[in-house]
Amino acid sequence: MNLVIDEGNTAVKVAVFQNQEKIFFQVFSKNNFQKEILQVVDFDEVDFCIVASVVKSVEERFSFLKEKIKSVLFVNSQTPMPFINKYATPNTLGIDRLALMGGAVSLYPNQNVLVIDAGTCITFDIMTAKGEYLGGAIAPGIAMRLKAMHEFTSKLPLIPEQKNFNIENFIGNSTESCILSGVYHNVVREIEGVITQYEEKFKDLTTILTGGNHIYLVNNIKNCIFANSFFLLEGLNAILEWQKRDR
């Protein structure tokens, strides 16, 4: 079985896959990660592991995994991928975007795939039917926009990002609802516009929406999209499965 680990700035997402099937998932706090994962994961059943992190010194922090698992892969910009990377500056490419493209080319082979990751930032990444990653775009996410409005206009309150908002109710009748209407409208219309642009350029485009804030957006976007909360983890597992072919 494969152990797949995605370390963010505040939490660690862990999944166990048996081939392509996810059989375990849990979010751990970073403070007690080693102790907690050793209690809930049966390492006797795990043969391979892949770790992706946005934090420095990841190999040092997760060195205990090498004592439990025979093969541990730490993903970086130099890691061979199951696609052709045409990004002009691959060394600056985020690990999360690499993982998403691993999922795109593996789960949707021979298709044009646009992956939208709605998190702190909103990233747009395109994988062609030829298996070529071309790049995409990076835009501020919901939290960044809400925080910027508060910081640059001090009289506006800071609205928590974990709020749903139906953009059909677009006329705000309070300061909070006006802010939410403005931010959500901009994000949704921006995403719809980007999808339309890609649909005009890439035939039979498949669009995936993922990321921490996708649940607040999916019901408001009119374009045909597929929502997937675990796409990044599935992408990491796909990269690991591809690496295992040469073993």
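A residue is called buried when its relative accessible area is under 20%, exposed when that area is over 50%, and partly exposed in between, with a 1.4 Å probe and protein chains only. By this criterion eleven of the 14 residues of helix α6 are buried, so α6 is largely enclosed by the rest of the structure. The model is a predicted one, in which local features need pLDDT of at least 70 and side-chain atom pairs count only at pLDDT 80 or more, while totals for chains, interfaces and linings use all residues. Residues are numbered from 1 along each chain as its sequence is written, and side-chain values use heavy atoms, with hydrogens and water left out.

Helices (H or I, at least four residues) and strands (E, at least two) are DSSP runs numbered from the N terminus. The buried residues of α6 include Phe 231, Leu 232, Glu 234, Asn 237 and Gln 243. The expected span of a helix is 1.5 Å times one less than its number of residues; for the 14 residues of α6 this gives 20 Å, in agreement with end C-alpha atoms that are 20 Å apart. Helix α3 is likewise largely enclosed by the rest of the structure, because ten of its 13 residues are buried, among them Ile 95, Arg 97, Met 101 and Val 105.

Where contact means heavy atoms within 4.5 Å, residues of α3 including Leu 98, Gly 102 and Leu 107 meet residues of α6 including Phe 231, Gly 235 and Ile 239. The residues of this contact divide into ten nonpolar, four polar and two charged, with Ala, Val, Leu, Ile, Met, Phe, Trp, Tyr, Cys and Pro counted as nonpolar, Asp, Glu, Lys and Arg as charged, and the others, Gly among them, as polar.

Strand β7 (residues 113-118) is mostly covered, with six of its six residues buried. Val 113, Val 115 and Asp 117 point one way from β7, whereas Leu 114, Ile 116 and Ala 118 point the other way. Two strands pair if DSSP finds at least two bridges between them; β7 pairs with strand β8 (residues 121-127) in the antiparallel sense over six bridges, and a hairpin joins the two through two residues. Strand β10 (residues 206-210) runs parallel to β7 and is joined to β7 by five bridges. Leu 114 has Ile 126 as its bridge partner in β8 and Thr 207 as its bridge partner in β10.
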